[in-house]
Amino acid sequence: MSGLRVLVNAGPWLPVPPSGYGGIETVVATLVPELRRAGVHVTLATVGTSSLEADDYVRPLPGPAFRSIAMPYNRVSGIAHAHMQGLVDALRDGGRWDLVHDHLEVVGPSVLGAMGAAAPPTLQTLHWDLRKHPEFYSVFDGRGRVRFAAVSASQLERAPANLRRQTLGVVPLAAPPPLEVETTPGEHVLVLARITADKAQDVAARISRRAGVPLVLAGPVAGIDDPQELERRLADGDEALGAHPDVRYWLEEVRPLVDGTSVTWVGGVAGERKERLLRSSRALLSPIRWAEPGATGVVEALARGVPVVGTPRGVLPSLVEHGRTGFLAAEEDDLVRHLGELDSLDPQACREAARQWTPAGMARCYLDLYHRLLEENPA
């Protein structure tokens, strides 16, 4: 679809690409270059610190707001709306786009849907648990101009019927290709995720210690990548930070298990540091407590020949082949046993499995959905 003009809305929470944690922003950073290679003119709506190359930009806010995302609604709701105001201004100021590809939860489709024909047709990728906002998804009507794409069949199965009716298709997530860095095999297993109860770093720590396998936890706490910064701010009596649910989870459930030897927290990681940690690990652990819809970290691991050990929730059963590219189990005792069986897994089988989730393939799927959306909404 050479010549197509698409406004990709990444939202206000993190830069694109992210400097560490940022699943949605990683997806956007993976997709945009492939769209441009296909001849699509891409305008990226993002924060001012984003560095991803695009054809044009809409930058309503100067910097990322992720550290505020878990604050009470009456303190954080204006951030997403301020970002959308900038996007609306761009649309009203004569910006010409054929469609919007939106990635901003709830606020994106609600604002663009309310604009009606004053906004281009919109496709929103659904990156989250669709039971999270039942009041919205059960009643929202995009009237054919706002449509949706799920990231996994398991995610769509749990969606309200009203949302399923407006979903054009399922596009599995892809991850960027591995960086070319030199690594040597390590003894550790790795959790690569923000530290929060749904990601279950406490479970990962318990099973790793029981199995006698060193664990590295890589990911931010409440948007803070630097462990020293977190400790300093807590020691200084930052009450708002101390009340953050992810901080409470860290302090009460995870930090007591971190000893710097059997379990280590290295903070948020990106670039070559992340690449080395992942490629040198014996396995990626994902003992999640929630129905993960997309799991880009799992795809990243498999593409590097790293098997995955986790719980059979959400999208994981469709990404991990038990006994071939990893192990899935619901009980901690079984996860401990599987950590002792990692040598039975073939890294090449993991790499072969990941070939079905390539950036180019993801872009082709989205181009097909763009075409269908525009056919439904002729200019």
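These legends describe close-up views of aromatic rings and cysteines in a predicted model.

**View 1. Tyr21 and Phe66 form one of six aromatic pairs.** The ring centres of Tyr21 and Phe66 lie 5.4 Å apart, with the planes at 45°, so the pair is tilted. Tyr21 is partly exposed, at 28% relative accessibility. Phe66 is buried, at 13%.

**View 2. Trp250 and Trp265 make a tilted aromatic pair.** Their centres are 4.6 Å apart, and the angle between the planes is 50°. The pair links helix α10 (residues 245-254), which holds Trp250, to strand β10 (residues 263-267), which holds Trp265. The two residues are 15 apart in the chain. Trp250 is buried, with 2% relative accessibility. Trp265 is buried as well, with 11%.

**View 3. Ring pairs build an aromatic cluster.** The members are Phe136, Tyr137, Phe140 and Phe148.

**View 4. Arg59 places its charged end over the ring of Tyr57.** The distance from that charged end to the ring centre is 4.2 Å.

**View 5. Cys350 is buried, whereas Cys365 is partly exposed.** The relative accessible area of Cys350 is 0%. For Cys365, relative accessibility is 34%. A disulfide is a covalent bond between the sulfur atoms of two cysteines. The model has zero disulfides, counted with a cut-off of 2.5 Å between cysteine sulfur atoms.

Technical notes
Residues numbered from 1 in each chain as written. Predicted model: local features only at pLDDT ≥ 70, side-chain atom pairs only at ≥ 80, totals over all residues. Heavy atoms only, no water. Buried < 20%, exposed > 50% of the residue type's maximum accessible area, 1.4 Å probe, protein only. Phe/Tyr/Trp six-rings, centres within 6.5 Å; stacked < 30°, edge-to-face > 60°. Helix = DSSP H or I, 4+ residues; strand = E, 2+ residues; numbered from the N terminus. Lys NZ or Arg CZ within 6 Å of the ring centre and 35° of its normal.
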